Amino acid sequence: DIPVTTREDSKNLTNEQVIRFLTKLIYQHSNPEGWVDLSVVGFYFDCRHYGYSKLRSYFEHNCEHFQMEIVNTRKYVRNSLSVDRLCSLISPCGGQHGYAPFELLEVNFNACHYGYVDLRDLIEHYDCRFGIFDDVD
């Protein structure tokens, strides 16, 4: 976990830490569909420390991690999980022949941050690319 509780705390994070921080922040403050008002994110995160004058620009530049939507001039953002991003998150846990122990994946990856009930639910959503096997020798 990244101990960020104020905007000032968020100014010296690496890009990877920023992505993890924002993913968790969006999850914690989102509605049931995963959306959160951009102003809520701006309360905790100052994108100017990372070369962006507007928070919207930051999220547009990082569209592989986040989705934006504008409804009646209000801007909303939610976590996005592409198949490539999912592969990059899972691959460090991978073992022989591309299989990874499910228990290890559950410890290292929180599927709830992406709007899924659990890791099994997320993997079943991407059934064309991933499979769950009870025992692999």
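## Contacts and overall composition

A contact is counted where heavy atoms lie within 4.5 Å, and of the contacts in the protein with a separation of 6 or more, 48% are made by residues 24 or more positions apart. This is a predicted model, in which local features need pLDDT of at least 70 and side-chain atom pairs count only at pLDDT 80 or more, while totals for chains, interfaces and linings use all residues. Residues are numbered from 1 along each chain as its sequence is written, and side-chain values use heavy atoms, with hydrogens and water left out.

The protein has 6 helices and 3 strands, where helices (H or I, at least four residues) and strands (E, at least two) are DSSP runs numbered from the N terminus. Along the sequence these elements follow the pattern α-β-α-α-β-β-α-α-α. Of the 137 residues, 34% count as buried, a label that stands for under 20% relative accessible area, against over 50% for exposed and partly exposed in between (1.4 Å probe, protein chains only). The accessible surface, computed by the Shrake-Rupley method with a 1.4 Å probe, comes to about 8,800 Å², and 48% of this area belongs to carbon and sulfur atoms.

The 3 strands form an open sheet in the order β1-β3-β2, with antiparallel pairing; two strands are taken to pair if DSSP finds at least two bridges between them. At the edges stand β1 (36-37) and β2 (66-71), each of which pairs on one side only. The antiparallel pairing of β2 with β3 (residues 74-79) extends over 6 bridges, and Val71 stands opposite Arg74 in β3.

Helix α1 (residues 15-29) lies across β1, β2 and β3 and runs at about 110 degrees to β3, with axes fitted as lines to C-alpha atoms, for helices over the stretch in contact, and angles running from 0 to 180 degrees between N-to-C directions.

## The aromatic cluster

Rings of Phe, Tyr and Trp (its six-membered ring) pair if their centres lie within 6.5 Å, and planes under 30 degrees apart count as stacked, over 60 as edge-to-face and the rest as tilted. The whole structure holds 7 aromatic pairs. The ring centres of Phe21 and Phe45 are 6.4 Å apart with their planes at 45 degrees, so this pair is tilted. The pair links distant parts of the chain, 24 residues apart, with Phe21 in helix α1 and Phe45 in the loop between α2 (38-44) and α3 (55-61).

Phe21 counts as buried at 7% relative accessibility, and Phe45 is buried with a relative accessible area of 1%. Phe45 and Tyr50 form a stacked pair, at 5.6 Å centre to centre and 15 degrees between the planes. Ring pairs link Phe21, Phe45, Tyr50, Tyr52, Tyr58, Phe59 and Phe66 into a cluster.
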